[in-house]
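This note sets out comments on the structure shown below.

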Amino acid sequence: MKKILFILLLTCSLSLADIKWYSFRELINNQNKIQPFDIIVLSKGDKLFQQWGHCFLVNEDMKLIEFKNYGDDFVDNPFYSFYFIENRQISVFRYKKMNNELKNKLNELLPNYYNKVYSVFTSSDTESLASYCSKFIYTIYKDAGKEIGENIELVNNSWPILPYDFTKSSLLENIRLD
């Protein structure tokens, strides 16, 4: 049993080692390589509630959209507002089949999420008024896909959807900033 757990742990850590991670400063210095609706995955932090990571979606205004705390709702912030974060890394992911039709639909659906509030105690229902960072990204892509006749499931409908699930998606590519 210990051998199986060790192999499982080793496999998970090897897959994360293949991902290119950057500081927020590197992200800011390479903003020209970021595109609307890229997914930014934040590494795990030192605090207990940071152990699952965090993620953002880049909007058309090149701001990072997030659901970050209990009771908070949808917020967007410019890249430079994260300049002070030095102890965590980010990785950038892009939907491999991104096209103008999907970008336009994602942009059209985005205001539907303005009224959602942060909560991890939510179902997989896309109509729920509660959301959290990775559920928000999963559901907006899924909803946009439905509306343009594509089945876009960035992760294998696991529940809960965690930020690190995006790092394993075959539909996303890890973007290099260097």
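Predicted model: local features only at pLDDT ≥ 70, side-chain atom pairs only at ≥ 80, totals over all residues.

1. The largest nonpolar core. This core comprises 31 residues, among which I39, Y141 and F166 touch the most other members. At least two core residues come from each of the strands β1 (39–42), β2 (54–58) and β5 (90–95), and likewise from each of the helices α3 (100–109) and α4 (133–147). The most is given by α4, with seven residues. In general terms, nonpolar side chains tend to be buried together in soluble globular proteins.

2. Surroundings of Y141. Which residues are in contact with Y141, leaving aside its neighbours within four places in sequence? They are F37, I39, L57, Y95, M98, L102, L106, I152 and L154.

3. Packing of α3 and α4. Two packed helices are described by the angle between their axes and the distance between the axes. For α3 and α4 the angle is about 120°, and the axes lie 9 Å apart. The arrangement of α3 relative to α4 is therefore oblique. The crossing in which α3 passes α4 is right-handed.

4. Composition of the helix contact. On the α3 side, the contact is made by L102, K105, L106, E108 and L109. On the α4 side, I140, Y141, D143, A144, G145 and E147 take part. By class, the residues of this contact divide into six nonpolar, one polar and four charged.

5. Residue Y95. This residue is located in strand β5. Is Y95 buried or exposed? Its relative accessible area is 4%, so Y95 is buried. Not counting residues up to four places away in sequence, Y95 touches L102, Y141, E150, I152, L154, L171 and L172. The C-alpha atoms of Y95 and S170 are separated by 9.3 Å, although the two residues are 75 residues apart along the chain.

6. Residue S23. The loop between α1 (2–17) and α2 (24–29) contains S23. With a relative accessible area of 18%, S23 counts as buried because this value falls under the 20% cut-off. Apart from neighbours within four places in sequence, S23 is in contact with Q89 and I90.

Terms used. Residues numbered from 1 in each chain as written. Heavy atoms only, no water. Core = buried A, V, L, I, M, F, W, Y, C linked by side-chain atoms within 4.5 Å. Buried < 20%, exposed > 50% of the residue type's maximum accessible area, 1.4 Å probe, protein only. Helix = DSSP H or I, 4+ residues; strand = E, 2+ residues; numbered from the N terminus. Contact = heavy atoms within 4.5 Å. Axes fitted to C-alpha atoms, helices over the stretch in contact; angles between N-to-C directions. Parallel < 35°, antiparallel > 145°, perpendicular 65-115°, else oblique. Left-handed = near helix turned anticlockwise from the far one by under 90°. Nonpolar A, V, L, I, M, F, W, Y, C, P; charged D, E, K, R; others polar.
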